[in-house]
Amino acid sequence: MNRKLKKGKKLNKEMKPMKEIRTTKSKFVRVRCPKCKSEQIIFGKATTKVRCLKCNYLLAKPSGGKAKIRARILEVFK
Ligand SMILES: [Zn+2]
């Protein structure tokens, strides 16, 4: 359990650091499209493909009940 905790001093009170999640059980995540860099909030349990509103890049696709996020996750909403 030797993870870098430099950045998470405020947010780490009760939650494990969750930075590089690929799949999520959370409801909503804010992601940044790797293609056009626009941010948008997507549903973390998407059962359909989620595409970027601007450039149509595939941001998430369903994977066994969870969404597989293909974009950078900026924030996770509980
Ligand atoms: Zn985009």
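User: How many helices and strands does the protein chain have?
Analyst: The protein chain has 0 helices and 7 strands. Both are DSSP runs numbered from the N terminus: helices are H or I with at least four residues, strands are E with at least two. This is a predicted model, where local features need pLDDT of at least 70 and side-chain atom pairs count only at pLDDT 80 or more, while totals for chains, interfaces and linings use all residues. Residues are numbered from 1 along each chain as its sequence is written.

User: OK, which strands form the open sheet?
Analyst: That open sheet has 3 strands, in the order E3-E2-E7, with antiparallel pairing. Its edge strands are E3 (39-43) and E7 (72-77), and each of them pairs on one side only. Two strands count as paired if DSSP finds at least two bridges between them.

User: And what holds paired strands together, in general?
Analyst: Strands of a sheet pair through backbone hydrogen bonds, either parallel or antiparallel.

User: Back to E2 and E7, over how many bridges do they pair?
Analyst: Strand E2, residues 28-32, pairs with E7 over 5 bridges, in the antiparallel sense.

User: New topic: what do E4 and E5 form?
Analyst: A hairpin, with 6 residues between the two strands. In the turn, Asn 56 has a positive phi of about 75°. E4 (residues 50-51) and E5 (residues 58-63) are antiparallel, paired over 2 bridges. Arg 51 stands opposite Leu 58 in E5.

User: What does E5 do with E6?
Analyst: E5 and E6 (residues 66-69) pair in the antiparallel sense over 4 bridges. Ala 60 has Ile 69 in E6 as its bridge partner, and Ser 63 stands opposite Lys 66 in E6. This hairpin has 2 residues between the strands, and Gly 64 takes a positive phi near 60°.

User: Which residues are on the covered face of E6, and which on the uncovered one?
Analyst: Ala 67 and Ile 69 are on the covered face of E6, while Lys 66 and Lys 68 are on the uncovered face.

User: Zooming out, what share of the chain is buried?
Analyst: Buried residues make up 15% of the 78 residues in the protein chain. Buried means that 20 or more other C-beta atoms, placed from the backbone, lie within 10 Å of the residue's own.

User: What about contacts between residues 24 or more positions apart?
Analyst: They account for 40% of the contacts in the protein chain with a separation of 6 or more. A contact is two residues whose C-beta atoms, placed from the backbone, lie within 7 Å.

Technical notes
Buried ≥ 20, exposed ≤ 12 C-beta atoms within 10 Å, placed from the backbone.
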